[in-house]
Amino acid sequence: MVDLEILYTGGRPAISWSPKIVYFLLFAFSSFILIGCAGAGLKDARRAFHNGDASRAADILSEVDDSGLSRLEYLMEKGLLLHQAGRYEESVRELRQASDLIREQDIISVGQQAGSLVTNEWVTEYKGEYCERLWVHTYLMMNYMLLGQYEAALVEAKQAQKIYDQFPKALSEEYFTRALIALCYENLNEYNDAYIAYKKLAGTMKNPDIVRPDIDRLAGILGFDDEISNAPQTVYTAAGSSELVLFVSLGNGPVKIPGNIILPPGIRFSFPRYKKQDKRVGRAEVLDSGSRKQAITVETDVVGVAKKSLDERAMEIYVKEAARLAAKEVIMRKIGKDQDDIVKLLLRLVFMIMEEPDTRSWQTLPAKLSLIKLPLKPGIHKIRAQIIGGGSFKDIDFPEIEFFRGQKVFYSVRASGGSVSAHGRKEPEMNSESSKLPD
Amino acid sequence: MIMTKFAQKFFVLLSLLFFFVVLSSCTVSTRTVSPDEELTYDETYTFAAKKKIVKTLVGSLSTKPPIGGATDRPIIIVYGIANRTSEHISTSAITDEICKEILATGKARFVNKEQRENIINETDYQQGGRVASETKMKLARQLGAKYMLTGTLRSIEKKEGRQARLTKKSYIYYSLNLELTDIETSLIEWADSVELVREASKPFIGW
């Protein structure tokens, strides 16, 4: 074997660089480049979004090649940005691709897994946390409802239900999507399925009384009189009432950061963990012509669900990390055999740096998702949404809306970092008018 | 020595074979497929499934009463098929095909509900004074439908439970129910359904 000799001058001894060390360093270097390149464009888009321009953020991502290992991350981010910009058809296109990709990723790639055993998780395709896989369908449901395509929304509701069935523990505190599933059934007058969905939701909630008005109302429609509670009704429930449905996203969701444990003699045990971005998120309340209204509000703490979802995968992460450390130790001893101490130290340092946890995640998610349903008498209403206890958010004033008998009006509202946006649509069969609020 | 030469030739041949396999897998190939050919890649709804569904239901609708025995070519309006599956399926493709097949039998006629707005626009235009009176459409000549065709497409999906194995099996049961309702009496005069089950086996591990 021919050694490549790199001679250092200045009185220090020469270090012998065997080809295997040079190849290893090249390999390590390319792995660093992979980590460094991942996220190009995403940062700019996220910055634009946090500056209050979701539409521009989505356009930034449109110019980025999203065909790499982080394609799912790009598609999810773009889908959400387009949703917040009120570009629902485009958002559907991106999120449907994300949904298809998740299905394709069902197969474990031996090549990627083998590669990740000697490098890190960045060389594998990003598959999304369990909760992220669910939220792809959540945003699709919202998009379809805002487009008045209830049948397609129900298809997504059924796909979301499959994710719940697959990961029941990780998603046990995700109430918002369960409420959306029930709403999807209700929109198509599938009252029995809606009733079951609300009952399931109530069964998972700490305070099931929140959805008691929905359960009682549907029990009444279905003739399940003995299922109707005697509790006084807290919301307006007259027959033929119209309804304002708000999908409220508050604050900024969590981001993944590296967690590290350094063990002697220089072994880095790393893993991803979630960190919340907003200390205070607050809650949304609704006023009609200045007076506070009692609405049915179902909330999900996105940060809590994301953490629980990652915790559910923790054992898998730790086992893989231990296997990787063992594999790297074997490689290091093999390459470092008969080498100078300084080379061994350098190798250990390179391995330590290379041990970078996979911190890819859906970062434009809100910190809290709230479904607010406000039954209203048909007629003209002047609605205001107030964010209570969430820092410097403004009140959100909706335009005067005329509600017809039995009509639903949907709005998606986002309030984060001091900026507010809202886009909505009336049920298309009644009135296809679409309106956009000034930011 | 002979064995060494043989081994050398064998390895050259094997390398060439491998090269051609790799080359052929890297080239783009296309072929024209007959619409009657059944192509299935997974357990989900396909074009072949649609063909099978339509063939069965058209056979039933066109031979059984009230359409089967009618001599006056009754008029039907299609109110669509509700999709209650967990897939995004365009059910209008099923109704379009059913219309086409029933029209081909000559047993019934269909009101073009989808083109109503365009028909109104065209009629209004013709009545607007720009069209010669002898070619102008006469008003109130549209025919009312006697029957309404509706249906629901449902699916039930089942997957094998979690256990140690290299492949996982899943199947989807599809059921399409069609109804023909007499609009005047609200009676369901004909109903039928077609069912099909698709099974797929997928590997857990790939390259």
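## Chain A and a helix pair in chain B

Of the 439 residues in chain A, 42% are buried, a residue being buried if 20 or more other C-beta atoms, placed from the backbone, lie within 10 Å of its own, exposed if 12 or fewer do, and partly exposed in between. This is a predicted model, in which local features need pLDDT of at least 70 and side-chain atom pairs count only at pLDDT 80 or more, whereas totals for chains, interfaces and linings use all residues. Residues are numbered from 1 along each chain as its sequence is written, and chains are lettered from A and ligands numbered from 1 in the order in which they are written.

Chain A has 14 helices and 17 strands, taken as DSSP runs numbered from the N terminus (helices H or I, at least four residues; strands E, at least two). A:M332 lies in helix α13 of chain A and is partly exposed, because 17 other C-beta atoms lie within 10 Å. Just after α13(A), A:D338 takes a positive phi of about 65 degrees.

| Helix pair | Axes come within | Crossing angle |
|---|---|---|
| α2(B) (residues 47-63) and α3(B) (residues 92-105) | 9 Å | roughly 40 degrees |

This makes α2(B) oblique to α3(B), since angles under 35 degrees count as roughly parallel, over 145 as roughly antiparallel, 65 to 115 as roughly perpendicular and the rest as oblique.

Methods. Axes are lines fitted to C-alpha atoms, for helices over the stretch in contact, and angles run from 0 to 180 degrees between N-to-C directions.
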